[in-house]
Amino acid sequence: MICPSFPRKKVGTKPGAVQGFFAHRARVTANLTTMLLSGALSTSFLLFTFYLQDYLGMGPLGAGLTMLPLAVSLIVFSMLVPRLLGSWGARVCVLAGLGFTAGAMAIIGVVAAVNAGAPWLIPAMLLIAAGMGFGIVGLQYIAVSGVTDDDAGIASGVQRAADQLGGATGVAVCVGIGFAPALHTGDPFLITTLLAGAGLLAGVLVLRRTPEPYVADVHG
């Protein structure tokens, strides 16, 4: 039996490459902010579901259709933000995203406190879409700015991992504490939104330590 032979390519990591990658302050702070923002965004999705289905008694189809404005507006913001990066700067876009998300959390808390109907959640959904569009896109740009071709895959992978880890942790902490009657006697929606808001405030403080990257022509 004859087995074909192929030339071998040695694949390795240069000493200190990984340490150097994570020593880049802008990337580290961008990924930390991504975790905090994603935690609030993921928490909002669960709060929408809880309120629409558990509190208002909607079925899955009705709740999904109610959240359609969020999906449509997210597409719009995702197309708009890359055009603003050059004029606004990535850090301003991220700060706007954090602010939009904080506003959405405030609306969710108020709507739940007064037992308002589903249409009153639509402004919060639009703000969440804006928060994702401005915040996540801006953070993605900061996280991959200035990387070499060798580091591009690492930068993208780390940013996506920060997004997923932040979302899971945010839900576990904010919803886990907010909806735990053994820990407090307050309104679960209010407690959850306050915890998510605290995470967003921490994101603003972290972002202040992030240098503004050089913005190339991102929209051609």
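Contact, in what follows, means heavy atoms within 4.5 Å. Hi everyone, and thanks for coming. The model is a predicted one, so to speak of local features we need pLDDT of at least 70 and for side-chain atom pairs 80 or more, while totals for chains, interfaces and linings use all residues. Residues are numbered from 1 along each chain as its sequence is written, and side-chain values use heavy atoms, with hydrogens and water left out.

Let's start with T34, which sits in helix α2; helices here are DSSP runs of H or I with at least four residues, and strands are E runs of at least two, numbered from the N terminus. Is T34 buried or exposed? T34 is buried, at a relative accessible area of 0%, where buried means under 20%, exposed over 50%, and partly exposed in between, using a 1.4 Å probe and protein chains only. Leaving aside neighbours within four places in sequence, T34 is in contact with L139, Q159, A162 and D163. With L139, the separation is 105 residues in sequence but 6.5 Å in space, C-alpha to C-alpha.

Now for Q159, which belongs to helix α7, residues 152-178. Q159 is buried as well, with a relative accessible area of 3%. The side chains of T34 and Q159 are joined by a polar contact of 3.2 Å; that term covers a pair of N or O atoms within 3.5 Å, where within protein one must be able to donate a hydrogen and the other to accept it, and residues adjacent in sequence count only if both atoms are side-chain atoms.

On to α4, residues 68-88: where is its kink centred? The kink is centred on P82 and is about 35°, the bend being the angle between axes fitted to the seven residues ending there and the seven starting there. Just after α4, G89 takes a positive phi of about 95°.

Finally, confidence. Mean pLDDT, the predictor's confidence in each residue from 0 to 100, is 85, and 83% of residues reach 70 or more. Over residues 214-220 the pLDDT is below 50. Where pLDDT is low, the predicted coordinates should not be read in detail.
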